[in-house]
Amino acid sequence: MNFNINYFFSVFPQILPYLPVTLFIAITSFVFATILGLAIALIRNNRIIVIDSFLALFISLFRGIPSVVLLFIIYYGLPQIFPIMKQVGATTAAIICFSLKYSAYLAEIFRAGLTSVDLGQKEAGLTSGLSTIQVYRGIILPQAMINALPNAGNMFISLLKDSSVAFFVGVQELLAAGKMLTANSFLYFETYLAVGIVYWLTVVAYSWLQKQLERKLTKPYHR
């Protein structure tokens, strides 16, 4: 087996400086996706037929288009129709892409979280004199978010890994760093193995943080 162990370990300090770019894209996209997904879930929860049909189409569309195709549409296609989009950089295009795509997934996760809360709690809150906003903010949403957290966390992990497609429009992230190294060394296995391990360790770290958050949030519900 021809495995260059010295080169393998030398890859890590060369690619780690690109990890913040990957994290920035993933975290920023997830924040926007969460806001948009929650808004969609709340609107669909009210079941206004015309709006609900439009949002259902939005969800189906962005869940059905592969990330790399959607990224190409936003970065290369839209500027042909809207010249102002030529000013959008590759990183911004990637964030828009992932925000739209993952908001579609999160909308369904949040909607399931909302429906998991007993309707009687909403009725009881309204009967006690609370407004609809107060009921959602103080009763429905806290429970719904706890119920949705595991699946939403899995979506973040998927987004973190999916962010590697930003490489195709020139974003200098982890995969791009690995690609540049292989252009000089031609040691593909060692390089991409190191890149994969960095992704894996990042996911492990996030999974641990999520588990701690879940324990903290669910603690009041356990004796």
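1. Overall surface. The chain exposes about 12,700 Å², and carbon and sulfur atoms supply 67% of that area. Accessible areas come from the Shrake-Rupley method with a 1.4 Å probe; for residues, only the protein chains shown count as cover. This is a predicted model: local features need pLDDT of at least 70, side-chain atom pairs count only at pLDDT 80 or more, and totals for chains, interfaces and linings use all residues. Residues are numbered from 1 along each chain as its sequence is written, and side-chain values use heavy atoms, leaving out hydrogens and water.

2. Fold. The chain has nine helices and zero strands. Helices (H or I, at least four residues) and strands (E, at least two) are DSSP runs, numbered from the N terminus. The C-alpha trace spans about 70 × 55 × 25 Å along its principal axes. Of the contacts with a separation of 6 or more, 77% join residues 24 or more positions apart. Contact means heavy atoms within 4.5 Å.

3. Burial and the main core. Buried residues make up 38% of the 223 in the chain. Buried means under 20% relative accessible area, exposed over 50%, partly exposed in between (1.4 Å probe, protein chains only). The largest nonpolar core holds 45 residues; F30, L71, F98 and L106 touch the most other members. Helices 2, 3, 4, 5 and 7 each give two or more residues to this core. Helix 5 supplies the largest share, 13 residues. A nonpolar core is a set of buried Ala, Val, Leu, Ile, Met, Phe, Trp, Tyr and Cys residues joined through side-chain atoms within 4.5 Å.

4. L106 and the second core. Not counting residues up to four places away in sequence, L106 touches F30, A33, T34, A152 and M155. A second, separate core has 13 residues, including Y7, L19, V198 and Y199.

5. Helix 4. Look at I74. Helix 4 bends there by about 35 degrees, taken as the angle between axes fitted to the seven residues ending there and the seven starting there. I74 is also one of the buried residues of helix 4, with S67, L70, L71 and P79. These buried residues pack against helix 3, helix 5 and helix 7.

6. V165. This residue lies in the loop between helix 7 (132-162) and helix 8 (174-185). V165 is buried, because its relative accessible area is 12%. Leaving aside neighbours within four places in sequence, V165 contacts S67, V68, L71 and F98. Its C-alpha is 8.5 Å from that of A94, 71 residues away along the chain.
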